[in-house]
Amino acid sequence: MKNAVPAAAKPKKSVKERFWEQRYLFLLLLPSLVWVILICYAPMTGLYMAFINYTPKGNGYFADLASSQFVAFDWFQYFFSTDFLIIMRNTLATSLLTLLFSFPLPIILAICLNEVKSAGMKKFVQTASYLPYFISWVIAANIFITFLSADGVINHLLMAIGLTDEQILFFQKGPYFWWIIAIANAWKVLGYNAIIYLAAVSGISQDMYEAADVDGATRVQKIWYITLPALKPTIMVLLILAIGGVLNTGFEQQLLMANDSILNYSDVLDTYAYRYGLKNGMYSYGTAVGLFKSVVSFILVMGANSLSKKFDDDNTALF
Amino acid sequence: MRTQSVSNKKKPVSDIVLDVFTVIFLALVVIICVYPFWNIFIVSINDATDAIRGGLYFLPRKLSFASYADILSRSTFMHSILVTLARTAIGTPLAVLVTTALAYVLSRKDLLFKKPITLLFIFTMYFGGGLVPYYMVLKNLGMLDSFIVFIFPNLVSVYNMILVRNYIEGMPEALFEAAKIDGANDLVVFFKLVIPLSKPIIMTIALFVAIMHWNSWFDAYLYTNSQNLKTMQSILVEILNQYQTTGANQAANRTGQGITPDSIRMAATMVATIPIIMVYPFIQKYFVKGIMLGSVKS
């Protein structure tokens, strides 16, 4: 008999045997493995382009990589000594303004929704609120450009209530663009983020509210002393993660809504890398700017992640 | 609530203020999230020459479907709808299958090299090569300007994989052991057990992927050249760019038979939006579930 050894004393199987046992699992894994190598890791090898002066000579990508001149950190130095400040200003301004809207509004929305007694009403508002999340940035950009045009709805509204006498050309004034992107970002994720807070609100024990009722607390007091403190861990985690993602201030929205006259205000790290790297053919420079962003983002996210672990021990951290 | 306040004492002022604030805030949220679509809709079904007069806010003044007739009779636009439908119909099931298979494999406690393989995928959520190297890779793989560039890069979403993996990990272990005792191999377990039992989460990620395919424009914009690979959203981008360079007023002067470039843009926007709104009831059922699952542990 082959299986004479009792199960309890089975010798440890070799890696080879275990692999053979799991061959079907690895078969299922195979497509994903091919994907992750080609789509995720192969581009990482291309980061080498940031340290050379990549010039396509038509000998194929790898031959061109090898024959291009090594320039070390020249591209980074070039970036820091030219457009770095302006691009960082735009990136951070857009990002922080986005936070200004997209951070408190979902909390307020979740708390307000929690005050609505009618289930149908609650569902209606919620459904309406995450409609913008599902439409493409193309459609969103279309909407914003239409509404903010010279004779668009917003200008008519502002003139009707007397806030302005003449049409405001929203897309011609640089700093306005930061606000437009911030509001557009917040508009798209408002309902989505509110769901996360609603989930946290629904986890609060009803006993606390009942005890507060006995003590004669008003609803405002209950929000202030029960709901908000209960939301604090969620708020902290989402805030820290948002700070971790501060360089990810969007790409499609800028690309779709910006125009040449406000480029000095609309260009953020991602669009800048795209414009120079692909549109202008400065492959190495675009790669260097992209690499700068990836590395700083990675450090920020990792830092944010370990911070958020401190605030919440219940597994809400990313790893 | 009302009977309570009558029987106890008068509602405190702060609660009244809260009620008023809640009503105003929620009403504003609904208006801001829904009205833009309504506005675009009524302008799109209004006669274009009449629309130039402005003042269209709540209802159309002079009904006309000329813009829709025009946009839907353009072969480039109709073809782009077909491309979008094709990438959604082909890309979604493939992505769901590959992502679910990955989720199942990574959910197995006894998987060989489980930790490094998991890390291999999770790491990609936090670090990437960036746009330029990615473009170069696609170019070298010969994927540029081919339909496969819509499908292959979107086969796996690590975020979706985590949702499915968490779901599978929540299934009772005994289920899999019983199947093993019955002599089922891992392929059988995956196709006959895991897939049917994961239907709710599979539906959730299928909707996420389908909407992503429907909405994407950048891949068609950057990675394809040929006109017959343009997706609907990327045609919409072209229309939008034309609008931005020529300007609305100038465009309006070139009015033809009840259509303007502006009205075409509105109609095209609606054509891209209406399918999303139509599947919306299904989306939202699975959507809320998906976010809840994701926010528990991601």
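**Two chains in a predicted model: questions and answers**

Author: In this predicted model, A:V153 belongs to helix α10 of chain A, which covers residues 153–160.

Reader: Why is A:V153 called partly exposed?

Author: A residue counts as buried with 20 or more other C-beta atoms within 10 Å and as exposed with 12 or fewer. A:V153 has 18 such atoms within 10 Å, so it is called partly exposed.

Reader: Which residues is A:V153 in contact with, leaving aside its neighbours within four places in sequence?

Author: A:V153 is in contact with A:F147 and, from the other chain, with B:N39; a contact here requires C-beta atoms within 7 Å.

Reader: How many residues of each chain are in contact across the two chains, and what makes up the side of chain B that touches chain A?

Author: On the one hand 72 residues of chain B, and on the other 74 residues of chain A, are in contact. Helices that each supply at least two residues of that side of chain B include α2 (13–44), α5 (75–107) and α16 (261–296), and the largest share, 14 residues, comes from α2(B). By class, that side of chain B has 49 nonpolar, 18 polar and five charged residues.

Reader: How do you know whether chain B is spread out or a compact globule?

Author: Chain B has 16 helices and zero strands. For its 298 residues the globule rule gives 19 Å, whereas the radius of gyration is 25 Å, well over that value, so chain B is more spread out than a compact globule. Its C-alpha trace spans about 75 × 75 × 35 Å along the principal axes, and buried residues make up 39% of the chain.

Reader: Which domains does the assignment give for chain B, and what separates their centres?

Author: The domain assignment gives domain 1 (2–44) and domain 2 (66–296), and 35 Å separate their centres, taken over C-alpha atoms. Five residues of domain 1 are in contact with seven residues of domain 2, and on the domain 1 side these divide into four nonpolar, one polar and no charged.

Reader: What makes helix α10 of chain B lie largely in the open?

Author: This helix has nine residues, 173–181, and the number of them that are buried is zero, so α10 of chain B lies largely in the open. Just after α10(B), B:G183 takes a positive phi of about 90 degrees.

Reader: Which residues touch the most other members of the largest nonpolar core?

Author: That core has 142 residues, and those touching the most other members are A:V138, A:A141, A:V289, B:L102 and B:L236. Its largest share, 14 residues, comes from helix α11 (residues 174–202) of chain A, while domain 1 and domain 2 of chain B each contribute at least three residues. Not counting residues up to four places away in sequence, A:A141 touches A:Q253, A:L256, A:M257 and B:L240. A second, separate core of five residues includes A:V237, A:L238, A:V301 and A:A304.

Reader: What is the confidence in chain A, and where is the pLDDT below 50?

Author: Chain A averages a pLDDT of 89, and 94% of its residues score at least 70. Over residues 1–5 of chain A the pLDDT is below 50, and beyond near neighbours in sequence this stretch has one contact in the model. Over residues 315–319 of chain A the pLDDT is also below 50, with ten contacts in the model beyond near neighbours in sequence.

Methods
Residues numbered from 1 in each chain as written. Chains lettered and ligands numbered in written order. Predicted model: local features only at pLDDT ≥ 70, side-chain atom pairs only at ≥ 80, totals over all residues. Helix = DSSP H or I, 4+ residues; strand = E, 2+ residues; numbered from the N terminus. Nonpolar A, V, L, I, M, F, W, Y, C, P; charged D, E, K, R; others polar. Domains from an automatic or database assignment. Rg over C-alpha atoms; globule rule 2.2 N^0.38 Å. pLDDT = per-residue confidence, 0-100. Core = buried A, V, L, I, M, F, W, Y, C linked by C-beta atoms within 7 Å.
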